[in-house]
Amino acid sequence: MIASIHLLEEQFAARPAAKAWFDTATADTGLASSSTFDDERFLLVFSSATRRLGKAAFAPSEAERERLRAQGIHWQVETWGLDELGRAVLLAHAFERLPPARAAQLLENCYARADNRERQAVLRALPFLPDRSRFVPLTVEACRTSVQSIFEAIACENPFPADEFSELAFNQLVLKAFFTGVAMSRIVGLERRLNPELARMAQDYAAERRAAGRSVPADIDAVTRPQRNGK
Amino acid sequence: MKLFDPHIHMTSRTTDDYKAMAAAGIRALIEPAFWLGQPRTHVGTFDDYFAALVGWERFRASQFGIKHYCTIALNPKEANNPKIAQGVLDLMPRYLEKDGVVAVGEIGFDDQTAEEEKYFALQLELAKQFDLPVLVHTPHRDKKRGTERSLALVREQRFPEERVLIDHNNEETLPLVLATGCFAGHSIYPDTKMDELRMVALVKKYGSDRILINSAADWGVSDPLKVPKTVAEMRKAGIADRDIQKIAWTNPIAFFGQTGRIDHAELDGAHYDQSELWEGNSVLRGQAPEKR
């Protein structure tokens, strides 16, 4: 998967300011050279991305999109902010450079004291990182957030939950999506993770809404319709 | 009529709220320990939080003539964090003997994981050990199943049902709770959970025994005056004063009074003096202190 993040990184080429930030960042943190890697410096640079790169969507061209799809990135990344792109690429570089345990600790540190946009970037970067299943606890915890943009960063346009979550965690994510008004069409891989327990939970949810005199989500059929057992 | 809000997170509210609540007749409240909107990363932050619940927040409430009690627990969401869960449980005994602590809570289920069940059961044990009732949160998602599992766990653990308050009920869970010996709480919310008119319908159908109402007001969209507002709707709908009194005053006192830590004489007094200080701090910012 690391290969595709380099593809994302190419997006910097057409944006001189972003490119300059990234080159400085990799030099400052010790990512670029064989010099010592500086964790504290990395945390600072990681945080600086929004101020330096801005939040505008990086919006690739149609040709670039086609290349992304060819690399297996079939979910939407074009709405990422440039800052999120910068952070994701930075993390991917750290994962290439550092031993796995240290890289994982660095990511945990980025997340622990992150502001909301930093958390979004970490969650969106995860599908591009190696051995990503070790981040299941972090992402399940992320689903417990009350910050909608953070919940959507993991639940929507992100293949991580369908690829990695247990059935219980995945079902809870889907229910939370209903609760917070997120369209089922935004959950990547939903179809493949449908299961009878999820159908039961969604039916109970619909019954509870009706008993309270409230509306039922229009796309609830996406998970309640009959299906085969198992994953 | 004197009113009791048995579930409200005042740490997230302002002195304007305290003033409005006192003016609307609220004389006592319970602040359950809960989650602060984003996950905590150290056990030490729970220590300070619990200390504030039995200290500074109690004092703040007293400055508006409101008696403040609290419940102490590791909440269901954070029971899933292995970095803090056991550490918080180890802290709890220090607080459970304290005067203003009237239950272990909020415990219960959120995502309904194995970890949540483990700490739910462990905290039922703690409550037994400290001779306290429990306040049980029911989940937003998959609520009916979560309520059934909570009631089953209470039974398995042989925890006395009359010492269990199952909270955040709705049309589907209330009959399940009333079929046991547990008390049933209802959180009246602007958009989610339960609203005033649905609550009126439930009281008409099920009566006032073991039924409580609360605002569950916190840092989210919520309303600290939902208890008085629901009382007004119950009156308008012709529900007898005797029943309203039970729901909004007597039942919470009966339930949490099982600790022996609610002093009826003190509740009747409800006097206050804003010239008092807490560790040298006052709630005033230059205003003249009021007294009642």
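Reply: Happy to. A term to begin with: a crossover is right-handed if, with the strands pointing away from the viewer, the path from the first strand over the helix to the second runs clockwise. Helices (H or I, at least four residues) and strands (E, at least two) are DSSP runs, numbered from the N terminus. Please keep in mind that this is a predicted model, in which local features need pLDDT of at least 70, side-chain atom pairs count only at pLDDT 80 or more, and totals for chains, interfaces and linings use all residues. Residues are numbered from 1 along each chain as its sequence is written, while chains are lettered from A and ligands numbered from 1 in the order in which they are written.

The part to look at is a right-handed β-α-β unit in chain B, made by strand 4, helix 5 (residues 114–129) and strand 5. Start with strand 4 (residues 101–108) of chain B, where 8 of 8 residues are buried; a residue counts as buried if 20 or more other C-beta atoms lie within 10 Å of its own, as exposed if 12 or fewer do, and as partly exposed in between, with C-beta atoms placed from the backbone.

Strand 4 of chain B has parallel partners. Two strands pair if DSSP finds at least two bridges between them. Strand 3 (residues 67–72) of chain B pairs with strand 4 of chain B over 3 bridges, and Ala103(B) in strand 4 is the bridge partner of Thr71(B). Strand 5 (residues 134–137) of chain B pairs with strand 4 of chain B over 4 bridges, again in the parallel sense; here His137(B) in strand 5 is the bridge partner of Gly108(B).

Now zoom in on Val104(B). Leaving out residues up to four places away in sequence, Val104(B) touches Thr71(B), Ile72(B), Ala73(B), Leu96(B), Gln123(B), Leu126(B), Ala127(B), Leu132(B) and Val134(B); a contact here means C-beta atoms, placed from the backbone, within 7 Å. Val104(B) also belongs to the largest nonpolar core, which has 76 residues, and is among those touching the most other members, together with Leu29(B), Ile72(B), Val134(B), Leu165(B) and Ala248(B). Such a core is a set of buried Ala, Val, Leu, Ile, Met, Phe, Trp, Tyr and Cys residues joined through C-beta atoms within 7 Å. Helix 10 (residues 241–256) of chain B supplies the largest share of this core, 6 residues. Another core, of 62 residues, lies apart from it and includes Ala49(A), Trp80(A), Leu85(A) and Ala121(A).

Stepping back, chain B has 11 helices and 8 strands, and 48% of its 292 residues are buried. A compact globule with 292 residues would have a radius of gyration near 19 Å, and the 18 Å of chain B agrees; this radius is taken over C-alpha atoms, and the globule rule is 2.2 Å times the number of residues to the power 0.38. Chain A, by contrast in its make-up, has 14 helices and 0 strands, and 36% of its 231 residues count as buried.

Finally, where the chains meet, the contact takes 18 residues from chain B and 15 residues from chain A. Helix 6 (residues 143–156) of chain B gives the most to the chain B side, with 3 residues. By class, that side has 1 nonpolar, 7 polar and 10 charged residues; Ala, Val, Leu, Ile, Met, Phe, Trp, Tyr, Cys and Pro count as nonpolar, Asp, Glu, Lys and Arg as charged, and the others, Gly among them, as polar.

Notes:
Contact = placed C-beta atoms within 7 Å.
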